[in-house]
Amino acid sequence: MDNSVFSHGKIDANTPLAHYWSKAKNAGLDIALLAPSSVASVQVRKGKADEMGRAINKYYTIQLPDGPRWSGNGQMAFLGTGPGAWLAVWADNSPQNIDLLHQQSATMASIADQSSAYRIFRICGLPAKLFLARGLAVKLSEPEFKTGSVIVSAIAHIGVIVWQTAEKPTF
């Protein structure tokens, strides 16, 4: 998803993370907490994958990714998180986003609001892959992991979904 559709969230100078923001900048990283957005998990029902794909393309002009990839239209994106499973992420935070997706796909998929469960950070800069690799149990090496790729893993026992949005690299 084009990061320009996300606005920056406010970083409280008193949070434990604030100390690391300045260190990251000195190391050539740009790390930004993005403003809250609507997030929903999507699990297709048995035998409904093709129908779901057509519906998403009709309503959002997005091709559902098949595998660990992401596809978006500038206002929302679907991140492939497993077979027949995606994380839908909108640029803005509105309960109507998830309600509408539920209405459009109620017979094809199960939708669960995850908006309060996720925080989205943008990490970019030349050392970004090395920075993320220090905590991930999987490699972010090319040609396997490049712009458009998604990985579901953990960093310090915390579940993370990492997707590369640009060659800069930007995650």
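This is a predicted model: local features need pLDDT of at least 70, side-chain atom pairs count only at pLDDT 80 or more; totals for chains, interfaces and linings use all residues.

Me: Why is serine 105 called buried?

Reply: Its relative accessible area is 1%, and buried means under 20%, so serine 105 gets the label. You'll find serine 105 in helix H3, which covers residues 95-105.

Me: What does serine 105 touch, leaving out residues up to four places away in sequence?

Reply: Met52 and Ile111. Contact here means heavy atoms within 4.5 Å.

Me: And lysine 146, why is that one called partly exposed?

Reply: Lysine 146 has a relative accessible area of 37%. Buried needs under 20% and exposed needs over 50%, so 37% lands in between and lysine 146 is partly exposed. Lysine 146 sits in the loop between helix H4 (128-133) and strand E8 (150-155).

Me: Which residues is lysine 146 in contact with, neighbours within four places aside?

Reply: Gln164 and Glu167. As for arginine 69, it is 77 residues from lysine 146 in sequence, with 9.6 Å between their C-alpha atoms.

Me: What makes strand E5 largely enclosed?

Reply: Six of the six residues in E5 (residues 85-90) are buried, so the rest of the structure largely encloses that strand. Side chains in a regular strand alternate between the two faces of the sheet. In E5, one side carries Ala85, Leu87 and Val89, the other carries Trp86, Ala88 and Trp90, and all of them are buried.

Me: How do you know that E5 pairs with E2 and E4?

Reply: Pairing takes at least two bridges. Strand E2 (residues 39-44) has five bridges to E5, and strand E4 (residues 76-82) has six, so both pass that cut-off. E2 runs antiparallel to E5, and so does E4. If you want pairs to click on, valine 42 has tryptophan 86 as its bridge partner, while methionine 76 stands opposite tryptophan 90. The E4 and E5 hairpin has two residues between the strands, and glycine 84 takes a positive phi near 65° there.

Me: Which residues have the most contacts inside the largest nonpolar core?

Reply: Val42, Met52, Ile56, Phe78 and Leu101, in a core of 19 residues. E2, helix H2 (49-60), E4, E5, H3 and strand E6 (109-113) each give two or more residues to this core, and H2 has the largest share, with four. Beyond four places in sequence, valine 42 touches residues including Met52, Phe78 and Leu101.

Conventions: Residues are numbered from 1 along each chain as its sequence is written. Side-chain values use heavy atoms; hydrogens and water are left out. Buried means under 20% relative accessible area, exposed over 50%, partly exposed in between (1.4 Å probe, protein chains only). A nonpolar core is a set of buried Ala, Val, Leu, Ile, Met, Phe, Trp, Tyr and Cys residues joined through side-chain atoms within 4.5 Å.
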